[in-house]
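This briefing sets out selected features of one protein model for use in computational work.

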Amino acid sequence: MTCPLCLSKYCSDFHKDKFREYLQCSNCEFVFVPSQYHLSDFDEKERYIMEHIYNDLKNLRDKGALVHCITNYVAMNINANILLSIGASPLMSHATNELKEIAAISSCLVNNIGTLDDNWRPSFLEASKYYVEQEKPIILDPVGSGASKLRTQTSLDIIKSSKNLIIRGNASEIQSLVDQNKISSKGVDSSIESHAAIESGKILSNENNCVVFISGSDDFIIYEDNVTKISNGSSVMTKVTAIGCSLSCIVGAFAAVGESLYKSAISSAAIFSIAGELAASKSEGPGDFQVNFLNKLNNITEKEILDNLKITSV
């Protein structure tokens, strides 16, 4: 091996980690990585993302985030516990008369239309207006969009009234927001695989200048034509109600303190799915999974993230 600095051919082993070997020149003592370990531009981007995900989590825990959730009755309890476990604070409020004051003290807004009715619909739109005024992130969870005209139209109205927006939904929900005639929603669960909605996600992102997060067995985070795929998680996560709704809350927490909505969505997807995967590996079923999941969100380590993350650019 030739030293790239002085061109000496006398080099020896210096160090080795899980990614690469390091050599040291015996002549000039320059330490370098052999060319076979050099990363392509594509791999360099992925490594950069991996190493910054834990920093995003540390930033959230250091700064904290007050997450304003207008969410459904089924999800409120687990949403609040999951936010607390990861280091954020939940605030549940949908009364229109206090939304302006709540927006002033909160870090972000999560609109979840799960138990939609005529009284809640104005709250979503009113709250979005105040968060737009203050340039704070808005997360939309279009639960069951496509299952009814009311749900689909409410989701579209929230999108239209929002900025700094991340839409987090399953494939059927995302497709329903682009072309309502091509996919029939299966209630609040997806009737198609997440990858089938990538093109719809790109359209939705480009038309509304927002980040689109398609969740499923693989998660896809989209901004304009940029797509990141995360392949962690566990099937047991689909056996616990409101886990997806809780993911939307976590997305909000990361977006509140992150440097970009796209990177924040990637970090939240990675940590949530890895925690779920690790919790499932020590669980007998959905019951103890909930406890293990809360614990893992609370104590997940940088090593666990780096060792388990399955991330690619699409």
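The model is a predicted one.

**Helix 9 and helix 10**

- The crossing of helix 9 with helix 10 is right-handed.
- On the helix 9 side, the contact is made by Ile271, Phe272, Ala275, Gly276, Leu278, Ala279 and Ala280, which meet Phe289, Asn292, Phe293, Lys296 and Leu297 of helix 10.
- Sorted by class, the residues of this contact between helix 9 and helix 10 comprise nine nonpolar, two polar and one charged.

**Helix 2 and helix 8**

- Helix 2 (residues 76–86) packs with helix 8 (residues 243–257) at an angle of about 40°, and 9 Å separates their axes.
- Helix 2 and helix 8 are therefore oblique to each other.
- Helix 2 and helix 8 form a right-handed crossing.
- From helix 2, Ile78, Asn79, Ile82, Leu83 and Ile86 take part in the contact, and their partners in helix 8 are Ile243, Cys245, Ser246, Cys249, Ile250, Ala253 and Phe254.
- The contact of helix 2 with helix 8 contains 10 nonpolar and two polar residues, with no charged residues.

**Helix 7 and its surroundings**

- Within helix 7 (residues 198–208), the buried residues are Ile198, Ser200, Gly201, Lys202, Leu204 and Ser205.
- These buried residues of helix 7 pack against several elements, including helix 5 (149–160), helix 6 (171–176) and strand 8 (165–170). Strand 9 (211–215), strand 10 (219–223) and strand 11 (226–230) are also among their packing partners.
- Ser200 of helix 7 has a relative accessible area of 13% and is therefore buried, since the cut-off for burial is under 20%.
- Ser200 touches Ile174, Gln175 and Val178, when residues up to four places away in sequence are not counted.
- Ser200 and Ile174 are 26 residues apart along the chain, and their C-alpha atoms are separated by 6.9 Å.
- Asn209 follows helix 7 and has a positive phi, near 50°.

**Helix 4**

- Ser123 is located in helix 4 (residues 121–133).
- With 1% relative accessibility, Ser123 counts as buried.
- Leaving aside residues up to four places away in sequence, Ser123 touches Ile70, His94, Thr96 and Leu99.
- Glu126 also belongs to helix 4, and its relative accessible area of 25% makes Glu126 partly exposed.

**Cysteines**

- A disulfide requires a pair of cysteine sulfur atoms within 2.5 Å, and by this rule the model has zero disulfides.
- Cys108 is in no disulfide, and the nearest cysteine sulfur, that of Cys69, is 7.3 Å away.
- Cys108 counts as buried because its relative accessibility is 0%.
- Cys210 is likewise in no disulfide, and the nearest cysteine sulfur, that of Cys108, is 16 Å away.
- Cys210 has 1% relative accessibility and so counts as buried.

Methods:
Residues numbered from 1 in each chain as written. Predicted model: local features only at pLDDT ≥ 70, side-chain atom pairs only at ≥ 80, totals over all residues. Heavy atoms only, no water. Buried < 20%, exposed > 50% of the residue type's maximum accessible area, 1.4 Å probe, protein only. Axes fitted to C-alpha atoms, helices over the stretch in contact; angles between N-to-C directions. Helix = DSSP H or I, 4+ residues; strand = E, 2+ residues; numbered from the N terminus. Parallel < 35°, antiparallel > 145°, perpendicular 65-115°, else oblique. Left-handed = near helix turned anticlockwise from the far one by under 90°. Contact = heavy atoms within 4.5 Å. Nonpolar A, V, L, I, M, F, W, Y, C, P; charged D, E, K, R; others polar.
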